[in-house]
Amino acid sequence: MLSFVLRRLGQSSVLVLIMSILVFVGMYVVSDPVAVLASDDFTEEDRIALASELGVDRPLMVQYFSFLSNVVRGDFGTSFVYNEPVLPLIVERLPATLEVAFLAIAIGLCIGVPLGIYSGLNRKKKTTKTISFLTTVGYSIPNFWQALLLILVFAVWLKVLPASGRGDTTTLFGIELSFFNLDGLRHMLLPAINLAIYKICMQTRLARSGTQEVMFQDYMTFARAKGIPRPRLIRRHLMRNILIPIVTITGLELGGLIAFSTVTETVFSWPGIGKLLLDSIHNADRPVVVAYLILIVMMFVVINFVVDVLYALLDPRIRYT
Amino acid sequence: MKKTFTTLAAVAAVALGGAAQADVLRMAYSSAPRSVDPYPFGGATTAGYKEHIYEALVGHDDQPLLSTGWTWNSPTSLTVQLREGVKFHNGEPFTARDVVYSACRMMFKIDDKRNLLTSSMGPLTDVVAEGDHAVRFETKNPYPLWIQKMKFLSILSASGGSVPDGPITYDATGDCGITAYPTRDDFENGDAAVGTGPFKHVSFAKEFAVMERNDDYWGEASKWEGVEISSVSNSGARFAGLLAGDYDLIENPTSEDITALDGNDDFDFSSKPAWRTMFVVLDVNAEGAPGVSAADGSAPLANAKVRHAMSLAINRDAITDRLFGGNAAPANQYSPSYRAGAPEMPALEYDADKAKALLAEAGYPDGFTLQFNAPSDRYPNGTRVAQALAQYWSRIGITVELNTQPWSVFAKARKAREMGAFFYGWGHPQGPAQMISFAFATRDKDLGLGSSNYSNYSSEAFDAAIKAWAVETDAAKADEHVGNAMRAAMADMPGIPVYYTHSLWAHRADLTVDGRQDERTSAFMVSYK
């Protein structure tokens, strides 16, 4: 197990390094922070002074290596736009994103998996066909359009949920959370549903195909022949065997939700990190974009690691040496 | 089924719906104010937010605000009389010492980063308190524009714990003997957010700011007990938030939103001509311009006839009527014609046949090839206007290749001077001449002219007029110079003015909005009908 962890760690560092180079060079090629930040009434000297204050007047290599040496010391740099250290800027917005991501994943699992198992077990029923139709629709709707539709229905027509913003928060251990607050929950619901719809559809399909496959396995036939009652059959024998793909996908999807729920956060004005990423790309705020993506790579590495460990727990045949 | 649904919805609405407080104005900005600290950042929303809390010596309407007037002692020395009887939110009286302190703070670099006004304060050599109610500004060159620049010098109270007692002596590093300036946190938690404005800071998070009325305001106190500013960058979501009742007023609704309000009794929109000119910048370099080529290898844009032909080809009325539904006005010069101090100019003609003839006369009967660049995400309807312009030019025989790109990419190409023709917008909060002094003057470091001259334009007549304007402290004479400069530039047309934008607000129908021209949104302009 230890050598597995070490190997993973080594691979991940290389990945992070490559990633940082790509993003750094990419941002350098595409946009110029001085051009975005300097207003038109800056004189030429002001622009030169600004470039040197931001440190972007140095050659790219020099900028990159100074960035790298700072990162090693835990300093991800200072945002060009906000003039604040980058790490707190991102971390401060993380709880908002995490809350919605977890809620969306929870909704996806709690609705998707039972629907999928039901569909897998009752293949010929009309409800199954309806579910299958709805999941196709849910899959295909563009996210931003669906978000506007949700706002239109729940906020504009029915006026039951707020259209945007985060609402009241409760401070817990110094972190602002919406979970423990009615107003916060109301604000969280629409963005979470918007993210969850796709997850529900995916989990339903995954669980259905898993169920269909597993139900015809010899061990299931044997278990049935042994007279195991149906609830136990589903819980112990079916669920456990369809869980591996579901766990994999859920892990990846969680990462995806945390990292790239930009569209949803933008439409609902949810002050999370996805919105920060988009604003930062827009404003040529390279330190934020680079730090953000490095953190995201690290997060995926951790999530994948957790997923691998979960495999071993779920399937005794899997061992890491 | 339907009935159950409605009942359910009603129950949910009662259970979940927050009651709207009638006397708190809830506004949605189109981008988030960047800080409570009034100095480091510009941008319309940051400025719009901070004006609730802080005031300056000169108001956004060019009129005295925390001052009662000013006199030029000499072309390099201005004395500003301060308003008496003004109190800060902390109860301290407003005096000349606060102005000196604020000027020091503006020059002081927090974390080695310059503030919004640092460059504008460059010509200042001294800021001196003359008694409690007058301040003298000394400059190294005549600097009449300082009157406009004072709008951006938000006045802070000099009464914080870290400011030593006694008079403050200004210096250009902003050190001024002050041991420590308030930090970003001091501003965000409200300790340092002490101004003289009609509202007081309550809380500030990046997408949500809350303020309460300043009951001791020196002027007429606001009718609003409080103000909440949300920031919703997505225009669809902003509009939906208005319809859903989350906000009372939103800024920058789209043309589609305005159309959707047609026949809606609950919501309305207000429009105000803004101080922004949208124009096409042309690179008039005789050596040729990037992305522009003619069959004979010449530089078409260097020929004034070509530039006039391109202007003649544009039907400005069609653009303002069709694309903006009348919420924009055809331009006839670089500054909005309604900006105080702008000269009277004739309307710009639209005549495609004449344009074609002029193009032929210039030696391009078969046109030439032009890459036309426009930012895709910067200006309302920007891409559509760019397409329209490209079509107008195609009609007179120019082969136009339209290239739209995100603002950050566009800004880089512009700075690197990689674009021979591009679409651009420029605001004029500091009078009609400030923009053209940067955009069309031959570069002059000492006077700070021509730093954004992407046209590579150079004209003796224009330069002479703009240089005379830059040092003229007499307002009437300055306006004359502006007129001369404007006429010189319009005759050569290094850029083609297209239209003046209008600022738009969508709001509850029971509100009246007396909009501002500087593209900012504030609670002062909103009242009940």
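Predicted model: local features only at pLDDT ≥ 70, side-chain atom pairs only at ≥ 80, totals over all residues.
**View 1. Chain B as a whole.** Chain B holds 15 helices and 18 strands. Its radius of gyration is 25 Å, close to the 24 Å that the globule rule gives for 529 residues, so chain B is as compact as a globular protein of that length. Along the principal axes, the C-alpha atoms of chain B fill a box of roughly 80 × 70 × 40 Å. Of the 529 residues in chain B, 52% are buried. Take the contacts in chain B between residues at least 6 apart in sequence: 68% of them join residues at least 24 apart.

**View 2. The two domains of chain B.** The domain assignment of chain B gives domain 1, covering 46–180, and domain 2, covering 274–502. How many residues of domain 1 of chain B are in contact with domain 2 of chain B? Nine residues of domain 1 are, and they meet eight residues of domain 2. On the domain 1 side of this contact in chain B, the classes are five nonpolar, two polar and two charged residues.

**View 3. Where chain B touches chain A.** The contact between the chains takes 44 residues from chain B and 41 residues from chain A. On the chain B side, at least two residues each come from helix H1 (2–16), strand S8 (226–231), H6, helix H12 (407–415) and helix H13 (434–439). Which element of chain B supplies the largest share of the side that touches chain A? H12(B) does, with seven residues. Sorted by class, the side of chain B that touches chain A has 16 nonpolar, 16 polar and 12 charged residues.

**View 4. A helix pair across the two chains.** Here helix H7 of chain A (residues 143–157) meets helix H6 of chain B (residues 235–243), with axes that come within 9 Å and cross at roughly 10 degrees. Angles under 35 degrees count as roughly parallel, and H7(A) and H6(B) are therefore roughly parallel to each other. From H7(A), the contact is made by A:Leu148, A:Ile151, A:Leu152, A:Ala155 and A:Val156. Their partners on H6(B) are B:Gly236, B:Ala237, B:Ala240 and B:Leu243. By class, this contact of H7(A) with H6(B) has eight nonpolar, one polar and no charged residues.

**View 5. Around A:Ala101.** A:Ala101 sits in helix H5 of chain A, which spans residues 86–121. Is A:Ala101 buried or exposed? A:Ala101 is buried, because 24 other C-beta atoms lie within 10 Å and 20 or more are enough for that label. Not counting residues up to four places away in sequence, A:Ala101 touches A:Leu254, A:Leu257, A:Ile258 and A:Ser261. For a sense of scale, 17 Å separate the C-alpha atoms of A:Ala101 and A:Asn304, which are 203 residues apart along the chain.

View 6. A:Asn83 lies in the loop between helix H4 (60–72) and H5 of chain A. Phi of A:Asn83 is near 55 degrees, a positive value in a residue other than glycine. With 19 other C-beta atoms within 10 Å, A:Asn83 is partly exposed.

**View 7. Around B:Asp257.** Look for B:Asp257 in helix H7 of chain B, residues 255–260. B:Asp257 is buried, with 21 other C-beta atoms within 10 Å. Leaving aside neighbours within four places in sequence, B:Asp257 is in contact with B:Phe239 and B:Ala506. The C-alpha atoms of B:Asp257 and B:Gly236 are separated by 8.2 Å, and the two residues are 21 apart along the chain.

**View 8. Two loop glutamates of chain B.** B:Glu519 is found in the loop between strand S17 (511–513) and strand S18 (526–528), and its phi is near 65 degrees, a positive value in a residue other than glycine. B:Glu519 is buried, with 21 other C-beta atoms within 10 Å. B:Glu418 belongs to the loop between H12 and strand S15 (421–427) of chain B. With 13 C-beta neighbours inside 10 Å, B:Glu418 counts as partly exposed. Leaving aside neighbours within four places in sequence, B:Glu418 is in contact with B:Pro290 and B:Ala413.

Definitions and conventions:
Residues numbered from 1 in each chain as written. Chains lettered and ligands numbered in written order. Domains from an automatic or database assignment. Contact = placed C-beta atoms within 7 Å. Nonpolar A, V, L, I, M, F, W, Y, C, P; charged D, E, K, R; others polar. Axes fitted to C-alpha atoms, helices over the stretch in contact; angles between N-to-C directions. Helix = DSSP H or I, 4+ residues; strand = E, 2+ residues; numbered from the N terminus. Parallel < 35°, antiparallel > 145°, perpendicular 65-115°, else oblique. Rg over C-alpha atoms; globule rule 2.2 N^0.38 Å. Buried ≥ 20, exposed ≤ 12 C-beta atoms within 10 Å, placed from the backbone.
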